[in-house]
Amino acid sequence: MTDVDSPYDGLLLNIARQHDGIQPFMETFFSFLQRKTDFFTDPRGNPEKVVLDTLRKFQERAAEARKQKEKELKERQIRENIERERAKKRAEEEAAKKAQPKIVEIPDDEDMPPTLEAPGATGVDDDEPPPLLAPGEESETKKKEESGESKKDGEDDDEGKGMKPNVGNGGTGVGYVWTQTLQELEVKVELGMNLKSRDCDVVISARHLKVAIKRGRVIIDGELAEMVKTPECFWTLEDGHIVVVHLTKYNQMEWWKNVVKGHPEINVQKVQPENSKLGDLDGETRQTVEKMMFDQRQKQLGLPTSEEQQKRDMLAKFMAAHPEMDFSNAKFS
């Protein structure tokens, strides 16, 4: 038997409801074994051992299940704490932006002192024609443009492709804005009108997301960039015109480039993990979070993670301890 639902659950649950507590229920069960089977009378059997072994087996399962629930609760609390700190930081940044002056005084041209420039002072003679090129010869500027050496304004000079992430380590798409942590994504979709929840058509599956207005326009409908844990995903309607979709990542050790495949991508190498509040965590939790952040940075740089480095160190020690062995032709993964 496993921890999945048993085909006898309905029958046993119905019997249990007819008893006032576990003790009467167990007495009925053992009465059945005593009256209708040879469980207690078979000389080859050992009823006490069978009962105790079964009891210990399910005690261990119950303890493991309790530990798993405690672990999941702790991880959820960590994510919620980090999200709260990030939301607080965003609110502070938005407040700081609103506090900045919106009007800048520009001096009138009459107040500016006149300036005289000698002809050719700028280094460019408007009347001078461009240099003549031999047939088949191209200008350096054109060569650079064709080879990609000339960069446009705002283009990212760093390695990797995509837009620079926003303050929430996410980006923008057509009609929506998204942010992310290592564990979750939040997608805010502008509907353009005030609606009720029943007017929204939102479908979340492990690999697909759809956000639309019933009998109206479709804003998002495509394959997700990565898998999500569907039971932990949900959506809400804020202020009547914004659908907020919460997605829990299946792989919680990587950053997403975009929400839906084919939509605008961000440069994940410029993602800034939140680490300013690690000091508020207990030792064990902080160690876990720091390890996750370290492994993520190593993957982005193409370097070994902590576990991979540990395996390499162990292999190096083994090779040093056995110099008589020839590893020249060995292949290691």
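Q: How much space lies in the largest pocket?
A: A pocket, on a 1 Å grid over the protein atoms alone, is an open set of points where a 1.4 Å probe fits, with protein on both sides within 12 Å along at least five of seven lines. Points are joined across faces, edges and corners, and the volume is the space filled by probe spheres set on them. Here the largest pocket holds about 680 Å³. This is a predicted model, in which local features need pLDDT of at least 70, side-chain atom pairs count only at pLDDT 80 or more, and totals for chains, interfaces and linings use all residues. Residues are numbered from 1 along each chain as its sequence is written, and side-chain values use heavy atoms, leaving out hydrogens and water.

Q: Which residues lie nearest the centre of the largest pocket?
A: Lining residues have an atom within 4 Å of a point. The largest pocket has 26 of them, and Glu-75, Arg-79, Gln-183, Thr-288 and Met-292 lie nearest its centre.

Q: Which element gives the largest share of that lining?
A: Helices are DSSP runs (H or I, at least four residues), numbered from the N terminus. α3 gives the largest share, 10 residues.

Q: What classes of residue line the largest pocket?
A: Asp, Glu, Lys and Arg count as charged; Ala, Val, Leu, Ile, Met, Phe, Trp, Tyr, Cys and Pro as nonpolar; the others, Gly among them, as polar. This lining has 11 charged, 9 nonpolar and 6 polar residues.

Q: What classes line the second largest pocket?
A: There you find 14 nonpolar, 2 polar and no charged residues. α2 gives the most, 7 residues.

Technical notes. Helix = DSSP H or I, 4+ residues; strand = E, 2+ residues; numbered from the N terminus.
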